[in-house]
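The sequence and model are shown first.

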Amino acid sequence: MSGLANNLSFYLVVSAIMFVFGIVAALSRKNMIGIFMGVELILNAAALNFVAVKLLQTKAAASPTQDGAIFSLFIIVMAAIEAAVALAIVLRVFGVKRSIDPDGMARLRG
Amino acid sequence: MTTNISLALLIPLFPLLAYFVQVFVGKRLPRMGDWVSLGAIFLSFVAASRIFLSMFNHFDPAWVETWHFTWFDLASLKTPFKLEIGVRIDNMSSIMLFMVTLCSTLIHLFSTGYMRNHHGEPEDGYRYASFFAYLSLFTSAMLGLIISDNLFTLFMSWELMGLCSYLLIGFYRHKISAANASLKAFMTTRVGDMGLFTGMLMLFTLPLANGQVLGSFRFDDIYAAIQSGQFNFTIGGFHAAAVIGLLIFCGTVGKSAQFPLQVWLPDAMEGPTPVSALIHAATMVAAGVYLILRMFPLLEAGGVLTIVAYVGAFTALFAAILAIKQNDIKKILAYSTLSQLGYMVMAVGLGAYQASFMHLITHALFKACLFMSSGAVIYAMHHEQDIRHMGGLRKKIPITFACMFIATLAISGVPMFSGFVSKDKILVAAYAFGILDHSQHFFIPLAGFLTAGLTAFYMFRLIFKTFFGEPHDHHHYEEAHEVSFNMFVPLVVLAGLSLSVLFTGSLTGGLLGEGDFIFKGANNWFETLVTNASFSTGHGEAWHEHLHHAHMPGMILSLLVASIGITFSYLVFGAKKISADKLAGLWPSFVHKAIDNLYFFDWFYIKILIQKVFMPFSSFCAVFDDKVIDQGAVDGVKNVTQATKDVAGILIDDVLIDGLLVDGVGGAMPLALGSTLRTLQNGRVQRYLLVAVAALVVVLIWRGF
């Protein structure tokens, strides 16, 4: 295995890039689906961190724990649930307003 | 991985793929994709035939091929959790795979005709595609259950089947009765599944006699633990194997509709007829019996076989009595299924697991034939199901009549047909157990033989009322015509498979000695192959002796009751020498009332158990919430608060707050602040998010990154 794959910061950089892309997407899209896709990216960046740490720690430690893998499983499950709920909301919003522009939904403004 | 294992893995995969194709693109395919499902199950059938032939090549009762892998291994946890799943192919699963794929292929073929109207157009619009999708998923789940080598994947397939039965029984969703029936089937089987699941968890997690947990769902590990006596400990004062065995048996009681959870099966007739055929023959109810056949050593070790036998015998007898008074052609068959399932469970309880398995297979074949024939009758009669409106149909639909007649001969236990062989084995075992071995258990053979007579009686009632005599509804009678090619081919094939020679290798079942076997080297292949040397039947040495002695009287008795049933049925419904009304008048009215109300089981469950026990309990909870929590605690606090408020209001509120703070600090200042801050609360999600991110950045920088 090459040195790159054993270097934790390599994973962290990829994850950071994903995280930033996710933030930018969530902040700038004018489409609720796009925002949720950004949120998914953020979640996956976090999951990637966990898996990477778990992987390298498995190689290093004599008795590795599975915490990282379990955590990323939880993240995946949570992301799936979030996607389901989010899509349901988007569908309902579209049914009411015929648009999924988040700026259009400002009925609770102060 | 051997060829057989790879094939076995493919078998459930084909229908599963067909399910996904049907769900997503089914309605856009030509013919709405019925050929996708049919082709997939046919491929499974080819693969299953290959395994079936391989079984004959080995011809060894101990033949078994297993393959498994570790799915989960969380060794670092405090309590290690390791889950191994895999595939087990032995004689029992090969025969089962062959039967299920064959029945299912034929049922799919039949559905391509039945689910279309008389002009060949899909009956329910786009739902025709969904129907085939559900059929595929149902079959796939059943096949997955058969090849499982562990309780875990078995349970997954088991629950998947529960879901499919819900979808298919309620397929005609515009009918309220169908919607209720599907819910009832789902909820009732769930009660049994709770037992099965609890049993499985106990098996997996409880410390055994040697202090270790079993930590495995695989049958091999369970059998090994039973053989080394690891289940000789107690749970709450009862033998562990007995407790776990009975809990697992609960699953069978639900799925195979045994007493007292039998209420869902007759209602399941609300589904389309091919679904009834699938549920009653190849899948669902067969799964329950298959489960206790697999867990037989556990039931035996727990010494609960006699309880199982009583449940089966009781179900067999009481369902047979109910079948006599039914007038709906499908309901009669539904109760006959209940009663035959009772036979199978009873046979397991008697230790005659070979007979039980044989009856499972033979029953599946002739019951699929009966159901599809009844479907053909219903189709020909334009969805008329009441046998009082039929009659004389044998001239109109001769092929359907011939097939249904053969299957009826089989279920009634007429020699030369498959039902005779398997039922005879069960009845002989019942005779040996209840009369020769333990005379205190005389109820079991009594119920067995009575049921055999009643079965012949009500099945021939169905035949005479439907196909003989004068037509009662001339309009429907004139319009009735033989069903199309794709609908009668399945009937003919299944009727052919109802011949006993295929199961025994002999026309007379070996009565005339070795000479009359047709396939040399395959004498009585079924029983030879299915006998598992490691299963102890739980009876002493005298058992085989008794079984041998019981053979002749058992067979003669079973022939006698079947012929009495058929003759009686002919006299009442065929020749009409005895008036059916007079016969009915012989019984006191409470008997009729009990039968008409299905022994008040539905009444008991709905009116008493649900409305008088569960509903009051939930309303008690509601009242408790309302009176104690809401009115007591919440309103009590409110009253105290109110009193305080009244006192404080004048002093603090009016003077201090209103005068000074509100008008002064609260008047001018918030107005200025509010109009500034309200721009933050602009209701735009992304602005909020931006603020959050900005705050995060500030915190990160402030904390020194």
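The sections below describe a predicted model.

## Overall build of chain B

Chain B has 705 residues, and 47% of them are buried. Its secondary structure consists of 27 helices and four strands. Along the principal axes, the C-alpha trace of chain B spans about 115 × 70 × 55 Å.

Among the contacts in chain B with a separation of 6 or more, 77% are between residues 24 or more positions apart.

## Nonpolar cores

The largest nonpolar core holds 208 residues. Within this core, the residues that touch the most other members are Cys103(B), Met346(B), Ala368(B), Cys369(B) and Ala429(B). Helix α15 of chain B (residues 353–380) gives the core its largest share, 18 residues.

Met346(B) can be looked at in detail. Leaving out residues up to four places away in sequence, Met346(B) touches Ala309(B), Gly312(B), Ala313(B) and Ala316(B), together with Ile426(B), Ala430(B), Ile444(B) and Gly448(B).

## Contact between chains A and B

On the chain B side, 12 residues are in contact with 14 residues of chain A. Helix α27 of chain B (residues 685–702) supplies five residues, the largest share of the side that touches chain A. By residue class, the side of chain B that touches chain A has five nonpolar, five polar and two charged residues.

Note on methods
Residues numbered from 1 in each chain as written. Chains lettered and ligands numbered in written order. Predicted model: local features only at pLDDT ≥ 70, side-chain atom pairs only at ≥ 80, totals over all residues. Contact = placed C-beta atoms within 7 Å. Helix = DSSP H or I, 4+ residues; strand = E, 2+ residues; numbered from the N terminus. Nonpolar A, V, L, I, M, F, W, Y, C, P; charged D, E, K, R; others polar. Core = buried A, V, L, I, M, F, W, Y, C linked by C-beta atoms within 7 Å. Buried ≥ 20, exposed ≤ 12 C-beta atoms within 10 Å, placed from the backbone.
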